[in-house]
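Thanks for coming. I have one structure to go through, and I will give the cut-offs as the terms come up.

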Amino acid sequence: MTELVIVGAGPRAVMLVERLLARRSPLPLRITLVDPFPPGAGRIWRREQSPLLKLNSMARDVTVFTDESCTISGPIRSGPSLIEWAERVRAGTLPDVAIDDVELDAELRGLGPDSFPTRRLQSAYLDWFWRRTVAIAPPGVEVRWHEGTVQWVDDTADGYEIALADGIRLPADVLVYAMGHNARELEGEAVSLREAAARTGLTYVPPAFTADADLSVFAPGDDVIVRGMGLAAVDAVVLLTAGRGGRFVTGADGRLRYEPSGREPRLHLGSRRGVPYRSKVSSQLQGDPPVREVLTPAAVAALLARPGTIDFLDDVWPLIARELVWGHYRELFTGHPERVTTTWQAFRETLREVDADTSALRRAAAAVVPDPLDRFDVRTLDVPLGDETFADAAEVHERVSRHILDDLHLRTNQDRSTAQALFLTILSSFLALADIPTERWSARSRAVDLPVTWHAFFSYVASGPPAHRLHEFLALADAGIVRFLGPDVAVHVDVDRGFVASSPRTGDNVSARGLIDAWLPAATASASENPALRELASRHGREVHVSDETFTGSLGRIDVDADGRVIARDGRSRPAMFAIGPFTSSMEAGAFTRPRSDSLSLRQTDRVAGAVAAALAARTTAGVR
């Protein structure tokens, strides 16, 4: 029996198992997934969390299966997307799915393609995916889950011995780390804030997966500063309002109102941009289909043909920015010709001359695009409040509220389908970056620009909350529960006042006894709270340290080769040890993905599965076990 052990049992781990079983692996084979949380969903998507928490993807945009669009070496084995799975459950054609929760069953019955499912429903889908994967394993292959936590791994003459917290020892010929997002030790400012809070009797909630954060520490009526306005902040606001018994109701005028329960704290929201992530898009394209005009395969090939490294900010970001301009205006001119005063053919020529010059682009667009909301440049998209200053807290709060209204109009109105074109363009650009080998990037690009700057921008534009969450923000603002602080918010501790948050754009500030830093912890392996991941960084593998003539730094992530093999401390690839997920040096791609998009996630997972299958075959050929 050849033994494969996978540390982790979340979506990426099970998708890896499915890709492995799609191939003809050496037999007999036992695959053991080790995780304290149930397989499929894992920790992040576990069923035991608030039913108020949702995906930020529509049901039609979630799948764990390969399809005809996938450019992979492994076999294509199609399966239902989340909405197709729900439809089959409703039709009674999936007898192995039983929803025993009344609320969850009601959600499934009412789920539509454009619905944003709860994480609990996603958990049911992922649980079914796990059980289906196990059920279709061929004879001679055993797939099992061991509920537990890996403490350490030792090398043996034949492979590895995995020590679990419950005292069990598991042998492995091949080992894969697939642990997803993990909590980590605090660092930098978070340590200082925690220590200051302890000294002064304040309450500080550091960066965490929101479902794991203890928000019960905030009493009704407490003033709480929420720093960050992305998805973690959205979840925190939901749990501290509707999660405490408040209700959102639609009035006769069609406007959403919030009816407080009286148990809510008062929430003061601010961030670097000062505005929430952009709403998810609900419009559909009605113009010419998107096509890359700037960041083309030829452009990428030209970059790769040059000697030396490729710098994201200097070499690639300008191409992406120009591509976004082309994507927006192609849809505007071809999908809404009544709103412009010239043709797309004519404006294409203008774009060729001015798309890299923001000032010239703004002038050219103003001349032929009458409605200012139809005009586009990347700077305004990224920093919507620009350099504006505000007289007081009331003015900045009103300005952010107006921005949210404008964003909802642009991203949920079919007349503004340019938002859908923008989404598809940025997604295409994301995939194009995968064509640049990791080793060709400059040190700064690998350590900062790609994992931080680019990932944050992509998430802000393309991975924001459902539109109804932003309507809820506005209703909470009307009810006096939420206040917006503006951009570039900084927080310090005052002995007398507590946490004090201020924006340099306004003279006002706000004090509170509570602070939530609402973002996910960085994926730093050596500082992870997961002992197996810490050991991987310090003993079996290494964190990526990059250096060139202009930058030296660390990704804080595990160094792996293109096939996911862990790079040992001596620089050589370990032939039977693999790692996949956000804690590795591979380009971050998430786990589940959109159907028919040739997703980077499925490409990565299939490639690693192919290498794991080869490693298993090599072990079998060598006569191990």
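Ala236 is buried, with a relative accessible area of 3%. Buried means under 20% relative accessible area, exposed means over 50%, and partly exposed is in between, using a 1.4 Å probe and protein chains only. Ala236 sits in helix α6, residues 231-240. Helices here are DSSP runs of H or I with at least four residues, strands are runs of E with at least two, and both are numbered from the N terminus. Leaving out residues up to four places away in sequence, Ala236 touches Thr210 and Leu215, where contact means heavy atoms within 4.5 Å. Its C-alpha atom is 8.6 Å from that of Val226, which is 10 residues away along the chain.

Two notes on sources. This is a predicted model, in which local features need pLDDT of at least 70 and side-chain atom pairs count only at pLDDT 80 or more, while totals for chains, interfaces and linings use all residues. Residues are numbered from 1 along each chain as its sequence is written, and side-chain values use heavy atoms, with hydrogens and water left out.

Next, the cores. A nonpolar core is a set of buried Ala, Val, Leu, Ile, Met, Phe, Trp, Tyr and Cys residues joined through side-chain atoms within 4.5 Å. The largest one has 85 residues, and those touching the most other members are Leu269, Val316, Tyr329, Phe333, Trp454, Phe484 and Ile516. Helix α8, residues 312-335, supplies the largest share of this core, 11 residues. A second, separate core has 83 residues, including Ala59 and Met179. Back to Phe333: not counting residues up to four places away in sequence, its contacts include Trp344, Phe347 and Val368.

Now a helix pair. Helix α1 (residues 11-22) packs against helix α4 (residues 119-135) at an angle of about 30 degrees, with the axes 10 Å apart. The axes are lines fitted to C-alpha atoms over the stretch in contact, and angles run from 0 to 180 degrees between N-to-C directions. That makes α1 roughly parallel to α4, a label for angles under 35 degrees; over 145 is roughly antiparallel, 65 to 115 roughly perpendicular, and the rest oblique. Among the residues making the contact are Val14 and Leu21 of α1 and Phe129 and Trp130 of α4.

Last, backbone angles. Most residues other than glycine have a negative phi. Which way does the phi of Asp488 go, positive or negative? Asp488 has a positive phi, about 55 degrees. Asp488 lies in the loop between β13 (482-486) and β14 (490-494) and, at 33% relative accessibility, counts as partly exposed.
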